[in-house]
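This note goes through a few features of the structure for a colleague who has not seen it before. Please read the points with the model open.

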Amino acid sequence: MTSPLFWNGWTPLIQVTLMASVGYLALVLLLRTTGPRTMAKMTPLDFVLAVTLGSAFGRVLTAEKSTVSQLLWLLVFLIALQWILAWLRSRSTFFRRLLDHPPVVLYEDGRMRNRALRRHRLIDDDVHEAVRGSGKGSLEDVHTVLLLREGTLAVIGRDDIGDSSSVTPYVAREG
């Protein structure tokens with residue numbers, strides 16, 4: 001006599017295989033139709049979508065009484081919701097401020113921005129690591145280090161700062 005713990009018959013295996021196949025193909029097609037922005041560097045909005053999709057897909061996949069139509073509806077709904085938020089973000093300053101965190105200056109022109117570092121739970125060593133990773137051996141070669149909205153640190157060298165128009169809007173925000 002076999003225990004349901006080890007073998008429950010072919011039906012559950014066929015159902016999981018079907019759900020996984022259809023769900024996976026649907027995800028690939030849906031993400032493909034949303035364009036390359038979703039697959040580029042992940043913003044917080046993209047990260048929340050990825051976690052939500054993975055969690056929802058996993059729960060529906062392993063649920064005993066889920067149907068393929070429920071799975072497809074869930075995936076389409078979540079991706080449509082993300083698309084709507086991204087569309088609103090691209091057309092509304094209000095939604096852009098609501099959904100995006102602007103870049104934060106962590107180091108500028110010879111000075112660490114300690115308040116900004118603390119606020120974002122970073123330390124001087126994080127700035128130094130980013131500088132080393134950018135191929136610079138000294139902070140003297142660096143004009144600005146920014147914390148970007150997707151969580152990476154951007155290092156702008158003294159020779160590359162130009163008129164600083166891409167940095168100036170954020171310099172006065174954090175002291």
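1. A salt bridge here is a side-chain nitrogen of Lys or Arg within 4 Å of a carboxyl oxygen of Asp or Glu. By this rule the count comes to 4 salt bridges. The model is predicted: local features need pLDDT of at least 70 and side-chain atom pairs pLDDT 80 or more, while totals for chains, interfaces and linings use all residues. Residues are numbered from 1 along each chain as its sequence is written, and side-chain values use heavy atoms, with hydrogens and water left out.

2. Glu108 and Arg113 are both buried (buried means under 20% relative accessible area, exposed over 50%, partly exposed in between, with a 1.4 Å probe and protein chains only).

3. Arg158 and Asp109 also form a salt bridge, at 2.9 Å from N to O. Because Arg158 lies in the loop between β4 (153-157) and α7 (168-171) and Asp109 in the loop between β1 and β2 (111-112), the pair ties together parts that are 49 residues apart in sequence. Helices (H or I, at least four residues) and strands (E, at least two) are DSSP runs, numbered from the N terminus. Arg158 is partly exposed at 34% relative accessibility, and Asp109 is partly exposed at 47%.

4. A further salt bridge, 2.4 Å from N to O, is made by Asp100 and Arg89. Asp100 sits in the loop between α4 (93-99) and β1 (104-108), and Arg89 in helix α3, 11 residues apart. Both residues of this pair, Asp100 and Arg89, are buried. Arg89, Asp100 and Arg149 are linked in a network of salt bridges.

5. On the surface, Leu5, Phe6, Trp7, Trp10, Leu13 and Ile14 form a nonpolar patch with about 790 Å² of accessible area together. Patches are made of residues with over 30% relative accessible area and no salt bridge; like charges are joined within 9 Å, nonpolar side chains (Val, Leu, Ile, Met, Phe, Trp, Tyr) within 5 Å. Accessible areas come from the Shrake-Rupley method with a 1.4 Å probe, and for residues only the protein chains shown count as cover. Trp7 is in the segment before α1 (10-33) and counts as partly exposed, at 36% relative accessibility.

6. Phe77 lies in helix α3 (residues 68-91) and is partly exposed, with a relative accessible area of 42%. The C-alpha atoms of Phe77 and Phe6 are separated by 35 Å, and these residues are 71 apart along the chain.
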